[in-house]
2 protein chains.
Amino acid sequence: MNARLVPVVSSFATKREDIGQERSPQDEDYTLERQVGHLLRRAHQRHAALFQERIGSAALTPMQWAALFSLVRHGPTTQNKLGRLTAMDPATTQGVVRRLVARGLVARSADPTDRRTRLLSATEGGRALVAATLPIARAISDATLAPLDEAERAIFLKLLSRMAFA
Amino acid sequence: MNARLVPVVSSFATKREDIGQERSPQDEDYTLERQVGHLLRRAHQRHAALFQERIGSAALTPMQWAALFSLVRHGPTTQNKLGRLTAMDPATTQGVVRRLVARGLVARSADPTDRRTRLLSATEGGRALVAATLPIARAISDATLAPLDEAERAIFLKLLSRMAFA
DNA sequence: TGGCGTTCATTCGTATACAAACGATCGCGC
DNA sequence: GCGCGATCGTTTGTATACGAATGAACGCCA
């Protein structure tokens, strides 16, 4: 039901040699390695790998953790609103919440003000899990930013924020 | 078989109001909006949306485009090597290549030096499609970086590169 | 040359991610 | 009070993404 807990962290990187830039004679100016999209994807991949490596014992995926955390932080919430808080569309949110409910980390209760919705809230176990893993989450953010020094991190986060929320 | 061509670009962002930071009284220092992982994910989401919006007429997904481009740039290549060039694991590469072959953009031929593999190469149509869409790809990278000025872009790309390849 | 560790491509299972369409409900305006 | 556009949650279909396991082929070394 969940991603492997503490996988081997293979990162599928074998045979390093063929990454070498064998650019055409006229030395093309467009390279995958220099495109923002490619770099964003790879940086995100690296973060996800670090996440799985360190929070595997809790058997939570990044999005499951984010949803559970948001629920704890914001209190009882509607499913679509939870999706907006974590930047997931409704269809994706559905699956993430379904798995959290199946694991007993989240509970649904009736919403007295709206018959279309059910209020989601973290269970006792869910709250405990967030409390226990929050330090790990901080460590993961640190590890992800490890390639940068303090000053660079501040700059990077500021610029990345603008890229994300533009 | 492919993602919708030129979708409505809804970006599933309705009801903007509930993003407002309603932080606890003690003003927590850990917020989703400030974590690298969350920001990387959202920036990548935004890039993907821009990609779909602009290259939709070609009905190519970002990874299909990257794979096809790499094939054109590097010449006949093995499937796993193509995966390494584009940072996809073998299982993912399988699906992307299968769809490109089904559309006649990529062809497989026997590899005289290795009976386990088949050499992949872009067809005439594949090469033409890359040539036609390369300008669009440049524009997408530009659009993604639009929130930053020239100086900031250089800094951001340098730092992001380190984050991606660390 | 025979064996064995490596690599290749594939398959299966699970988890995001999103478009589109759907039925139910809401709420606002008239 | 009714009507209609907006929102809620769900489902379906497609495309990444990756772990794990598999059978075939490779290549190197004793």
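Predicted model: local features only at pLDDT ≥ 70, side-chain atom pairs only at ≥ 80, totals over all residues.
Trainee: What makes the two copies related as by a two-fold rotation axis?

Mentor: Chain B can be laid on chain A by a turn of 180° with a shift of 0.0 Å along the axis, and the RMSD is then 0.0 Å. The two copies are thus related as by a two-fold rotation axis.

Trainee: How do you know that the copies meet through the same surface?

Mentor: Contact requires heavy atoms within 4.5 Å, and by that rule 60 residues of chain B are in contact with 60 residues of chain A. Of the interface residues of chain B, 100% are also interface residues in chain A, so the copies meet through the same surface.

Trainee: How much area is buried between chain B and chain A, and what share comes from carbon and sulfur atoms?

Mentor: The area buried between the two chains is about 6200 Å², with carbon and sulfur atoms giving 65% of that. In chain B, the residues that lose the most area to chain A are B:Y30, B:R84 and B:M163, which together account for 12% of what that side buries.

Trainee: Why is the pair A:D29 and B:R138 called a salt bridge?

Mentor: The rule asks for a side-chain nitrogen of Lys or Arg within 4 Å of a carboxyl oxygen of Asp or Glu. In this pair the closest N and O atoms are 3.0 Å apart, so the distance falls within the 4 Å cut-off. The count between chain B and chain A is four salt bridges, and the rule for polar contacts finds 18 residue pairs across the interface, both residues being at pLDDT 80 or more.

Trainee: Which elements of chain B give two or more residues to the side that touches chain A?

Mentor: They are α1 (36-55), α2 (62-74), α3 (79-86), α5 (124-145) and α6 (150-165) of chain B, and the largest share, 12 residues, comes from α1(B). By class, this side of chain B has 30 nonpolar, 14 polar and 16 charged residues.

Trainee: Why is α3(B) described as largely enclosed by the rest of the structure?

Mentor: Six of its eight residues are buried, so α3(B) is largely enclosed by the rest of the structure. The buried residues are B:Q79, B:L82, B:G83, B:R84, B:L85 and B:T86. They pack against α1 (36-55) of chain A, together with α2, α4 (90-102), β1 (106-110) and β2 (118-122) of chain B.

Trainee: Why is A:Q79 called buried?

Mentor: Buried means under 20% relative accessible area, and A:Q79 has 19%, so A:Q79 counts as buried. This residue lies in helix α3 (residues 79-86) of chain A. Leaving aside residues up to four places away in sequence, A:Q79 touches A:T93, A:Q94, A:V97, A:R108 and A:L120.

Trainee: What makes the pair A:Q79 and A:R108 a polar contact?

Mentor: The cut-off is a pair of N or O atoms within 3.5 Å, and the side chains of A:Q79 and A:R108 make their polar contact at 3.5 Å.

Methods:
Residues numbered from 1 in each chain as written. Chains lettered and ligands numbered in written order. Heavy atoms only, no water. Buried area = accessible area lost by both parts, 1.4 Å probe. Polar contact = N/O pair within 3.5 Å; in protein donor to acceptor, adjacent residues only side chain to side chain. Helix = DSSP H or I, 4+ residues; strand = E, 2+ residues; numbered from the N terminus. Nonpolar A, V, L, I, M, F, W, Y, C, P; charged D, E, K, R; others polar. Least-squares fit on C-alpha atoms with pLDDT ≥ 70 in both. Buried < 20%, exposed > 50% of the residue type's maximum accessible area, 1.4 Å probe, protein only.
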